[in-house]
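Reader: I am new to protein models. Can you show me how to read one, feature by feature?

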Amino acid sequence: MGITTYTQDIVAQVDANRIFKALVLDADNIIPKLMSQAVKNIETIEDRDGSIKKMNFVEGYPIKYLKHKIHFIDNKNMVIKYSLIEGEVLGENLGHISYYVRFEECENGGCICKTISEYHTNGNCIVKEEEIKEDRDKAIELFKLVEAYLLANPFAYV
(Lines give C-alpha, C1' and ligand atoms only; values in the text may rest on other atoms or scores of the structure.)
Protein backbone atom coordinates (compact mmCIF):
# COMPACT_ATOMS: atom_id res chain seq x y z
CA MET A 1 0.00 0.00 0.00
CA GLY A 2 1.28 3.44 -0.92
CA ILE A 3 0.30 6.91 0.24
CA THR A 4 0.21 10.03 -1.91
CA THR A 5 -0.16 13.27 0.05
CA TYR A 6 -1.10 16.72 -1.16
CA THR A 7 -1.95 19.96 0.58
CA GLN A 8 -4.37 22.66 -0.44
CA ASP A 9 -5.21 26.12 0.90
CA ILE A 10 -8.48 27.84 -0.01
CA VAL A 11 -8.98 31.49 0.93
CA ALA A 12 -12.42 32.88 1.76
CA GLN A 13 -13.87 36.29 2.52
CA VAL A 14 -15.94 34.86 5.40
CA ASP A 15 -14.61 34.28 8.91
CA ALA A 16 -13.44 30.78 9.80
CA ASN A 17 -16.05 30.15 12.51
CA ARG A 18 -18.98 30.66 10.12
CA ILE A 19 -17.54 28.46 7.38
CA PHE A 20 -16.62 25.77 9.93
CA LYS A 21 -20.15 25.79 11.39
CA ALA A 22 -21.76 25.56 7.95
CA LEU A 23 -19.40 23.18 6.17
CA VAL A 24 -18.54 20.86 9.07
CA LEU A 25 -21.15 21.10 11.81
CA ASP A 26 -24.17 21.54 9.52
CA ALA A 27 -22.94 19.69 6.43
CA ASP A 28 -25.94 17.35 6.51
CA ASN A 29 -28.22 20.31 5.76
CA ILE A 30 -26.17 22.88 3.83
CA ILE A 31 -24.58 20.56 1.25
CA PRO A 32 -27.87 19.09 -0.08
CA LYS A 33 -29.36 22.60 -0.01
CA LEU A 34 -26.56 24.19 -2.05
CA MET A 35 -25.87 21.18 -4.29
CA SER A 36 -29.43 19.93 -4.82
CA GLN A 37 -28.69 19.15 -8.48
CA ALA A 38 -26.24 16.48 -7.28
CA VAL A 39 -26.72 15.62 -3.60
CA LYS A 40 -30.00 14.08 -2.49
CA ASN A 41 -29.21 13.89 1.25
CA ILE A 42 -26.62 13.02 3.87
CA GLU A 43 -27.37 10.31 6.43
CA THR A 44 -25.53 9.81 9.70
CA ILE A 45 -24.81 6.15 10.41
CA GLU A 46 -23.44 5.48 13.89
CA ASP A 47 -20.87 2.82 14.52
CA ARG A 48 -18.76 1.81 17.51
CA ASP A 49 -15.77 3.97 16.52
CA GLY A 50 -17.57 7.23 15.72
CA SER A 51 -19.89 8.11 12.94
CA ILE A 52 -20.15 7.50 9.25
CA LYS A 53 -21.80 10.00 6.92
CA LYS A 54 -23.39 8.59 3.79
CA MET A 55 -23.86 11.17 1.03
CA ASN A 56 -26.53 9.99 -1.40
CA PHE A 57 -26.60 11.47 -4.88
CA VAL A 58 -29.62 12.18 -7.06
CA GLU A 59 -30.74 9.62 -9.61
CA GLY A 60 -28.81 9.97 -12.85
CA TYR A 61 -25.70 11.42 -11.17
CA PRO A 62 -22.48 9.59 -12.13
CA ILE A 63 -22.04 8.17 -8.62
CA LYS A 64 -24.64 6.73 -6.24
CA TYR A 65 -23.14 7.52 -2.84
CA LEU A 66 -20.02 8.22 -0.78
CA LYS A 67 -19.31 7.15 2.79
CA HIS A 68 -17.09 9.26 5.04
CA LYS A 69 -15.85 8.13 8.43
CA ILE A 70 -15.55 11.02 10.88
CA HIS A 71 -12.46 10.44 13.02
CA PHE A 72 -12.77 13.61 15.09
CA ILE A 73 -14.12 17.14 15.11
CA ASP A 74 -12.42 19.78 17.26
CA ASN A 75 -14.88 22.68 17.58
CA LYS A 76 -12.50 24.90 19.55
CA ASN A 77 -9.66 24.71 17.01
CA MET A 78 -11.99 24.33 13.98
CA VAL A 79 -10.45 21.06 12.80
CA ILE A 80 -11.95 17.91 11.31
CA LYS A 81 -10.33 14.65 10.32
CA TYR A 82 -12.32 12.23 8.19
CA SER A 83 -11.82 9.57 5.53
CA LEU A 84 -13.62 8.67 2.34
CA ILE A 85 -14.06 4.94 2.93
CA GLU A 86 -16.58 3.80 0.33
CA GLY A 87 -17.96 4.87 -3.04
CA GLU A 88 -17.38 4.50 -6.74
CA VAL A 89 -14.77 7.27 -6.81
CA LEU A 90 -12.32 5.04 -4.95
CA GLY A 91 -12.34 2.50 -7.77
CA GLU A 92 -10.06 -0.50 -7.54
CA ASN A 93 -6.87 1.46 -6.92
CA LEU A 94 -7.74 3.39 -3.77
CA GLY A 95 -8.40 1.88 -0.35
CA HIS A 96 -9.45 5.19 1.19
CA ILE A 97 -8.64 8.90 1.23
CA SER A 98 -7.95 10.66 4.55
CA TYR A 99 -8.53 14.39 5.03
CA TYR A 100 -7.29 16.68 7.78
CA VAL A 101 -8.95 20.09 7.47
CA ARG A 102 -8.21 23.18 9.56
CA PHE A 103 -9.95 26.55 9.30
CA GLU A 104 -7.80 29.56 10.25
CA GLU A 105 -8.76 33.20 10.68
CA CYS A 106 -7.01 35.79 8.50
CA GLU A 107 -6.17 39.32 9.60
CA ASN A 108 -8.54 40.75 6.96
CA GLY A 109 -11.55 39.01 8.52
CA GLY A 110 -11.60 36.15 6.05
CA CYS A 111 -10.11 32.72 6.52
CA ILE A 112 -7.95 30.00 5.03
CA CYS A 113 -9.10 26.40 4.80
CA LYS A 114 -5.98 24.22 4.99
CA THR A 115 -6.39 20.64 3.86
CA ILE A 116 -4.00 17.70 3.91
CA SER A 117 -5.25 14.79 1.81
CA GLU A 118 -3.71 11.33 1.86
CA TYR A 119 -4.58 8.88 -0.91
CA HIS A 120 -4.06 5.32 0.37
CA THR A 121 -3.64 3.04 -2.62
CA ASN A 122 -4.16 -0.70 -2.92
CA GLY A 123 -1.00 -2.59 -3.77
CA ASN A 124 1.50 -0.69 -5.89
CA CYS A 125 -1.06 1.51 -7.63
CA ILE A 126 -0.17 5.12 -8.33
CA VAL A 127 -2.63 7.99 -7.92
CA LYS A 128 -2.98 9.93 -11.15
CA GLU A 129 -2.65 13.70 -11.14
CA GLU A 130 -6.06 13.95 -12.83
CA GLU A 131 -7.67 12.17 -9.85
CA ILE A 132 -6.12 14.61 -7.40
CA LYS A 133 -7.09 17.59 -9.56
CA GLU A 134 -10.69 16.38 -9.82
CA ASP A 135 -10.88 15.92 -6.04
CA ARG A 136 -9.30 19.34 -5.46
CA ASP A 137 -11.69 21.03 -7.92
CA LYS A 138 -14.74 19.47 -6.20
CA ALA A 139 -13.50 20.68 -2.81
CA ILE A 140 -13.01 24.21 -4.12
CA GLU A 141 -16.44 24.18 -5.76
CA LEU A 142 -18.17 23.17 -2.52
CA PHE A 143 -16.16 25.62 -0.44
CA LYS A 144 -16.97 28.51 -2.80
CA LEU A 145 -20.69 27.59 -2.82
CA VAL A 146 -20.75 27.79 0.98
CA GLU A 147 -18.75 31.02 0.95
CA ALA A 148 -21.19 32.60 -1.54
CA TYR A 149 -24.15 31.49 0.57
CA LEU A 150 -22.62 32.99 3.71
CA LEU A 151 -21.79 36.26 1.95
CA ALA A 152 -25.38 36.49 0.68
CA ASN A 153 -26.74 35.59 4.14
CA PRO A 154 -24.59 37.56 6.64
CA PHE A 155 -26.61 36.40 9.67
CA ALA A 156 -26.40 32.69 8.87
CA TYR A 157 -24.14 30.61 11.13
CA VAL A 158 -23.09 33.50 13.38
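Author: We start with burial. A residue is called buried when its relative accessible area is under 20%, and exposed when that area is over 50%. Keep in mind that this is a predicted model.

Reader: How many residues of helix α1 are buried?

Author: Helix α1 spans residues 16-25, and seven of its ten residues are buried. Among them are Ile19, Phe20 and Leu23.

Reader: Why do residues three or four places apart in a helix point the same way?

Author: An α-helix has 3.6 residues a turn, so such residues end up pointing the same way. Now look at the buried ones in α1: Ala16, Arg18, Ile19, Phe20, Ala22, Leu23 and Val24.

Reader: What does aspartate 15 reach at the start of α1?

Author: A side-chain oxygen of aspartate 15 comes to within 3.1 Å of the backbone nitrogen of asparagine 17.

Reader: Next, strands. Which way do β2 and β3 run relative to each other?

Author: Strands β2 (residues 39-47) and β3 (residues 50-57) run antiparallel, joined by eight bridges. A hairpin of two residues links β2 to β3.

Reader: How many bridges join β6 to β7?

Author: Eleven, and the two strands run antiparallel. Histidine 96 sits opposite histidine 120 in β7. Five residues lie between β6 and β7 in their hairpin, where glycine 109 has a positive phi of about 95°.

Reader: And what joins β6 to β5?

Author: Six bridges, again with antiparallel strands. Valine 79 has arginine 102 of β6 as its bridge partner. The hairpin of β5 and β6 has six residues between the strands, and glycine 91 there takes a positive phi near 60°.

Reader: How do I check cysteines? How many disulfides are there?

Author: Compare sulfur distances; a disulfide needs two cysteine sulfur atoms within 2.5 Å. The count here is zero. For cysteine 113, the nearest cysteine sulfur belongs to cysteine 111, 7.1 Å away.

Reader: Is cysteine 113 buried or exposed?

Author: Cysteine 113 has a relative accessible area of 5%, so cysteine 113 is buried. Cysteine 125 is at 28% relative accessibility, so cysteine 125 counts as partly exposed.

Reader: Last, pockets. Which residues lie nearest the centre of the largest pocket?

Author: Leu66, His68, Tyr82, Asp135 and Leu142, out of 45 lining residues. The largest pocket holds about 1,200 Å³ of space. Helix α3 (residues 129-152) gives the largest share of the lining, eight residues.

Methods
Residues are numbered from 1 along each chain as its sequence is written. This is a predicted model: local features need pLDDT of at least 70, side-chain atom pairs count only at pLDDT 80 or more; totals for chains, interfaces and linings use all residues. Side-chain values use heavy atoms; hydrogens and water are left out. Two strands pair if DSSP finds at least two bridges between them. Helices (H or I, at least four residues) and strands (E, at least two) are DSSP runs, numbered from the N terminus. Buried means under 20% relative accessible area, exposed over 50%, partly exposed in between (1.4 Å probe, protein chains only). A polar contact is a pair of N or O atoms within 3.5 Å; within protein, one must be able to donate a hydrogen and the other to accept it, and residues adjacent in sequence count only if both atoms are side-chain atoms. On a 1 Å grid over the protein atoms alone, a cavity is a set of points where a 1.4 Å probe fits but cannot get out, and a pocket is an open set with protein on both sides within 12 Å along at least five of seven lines; lining residues have an atom within 4 Å of a point. Grid points are joined across faces, edges and corners, and a volume is the space filled by probe spheres set on the points.
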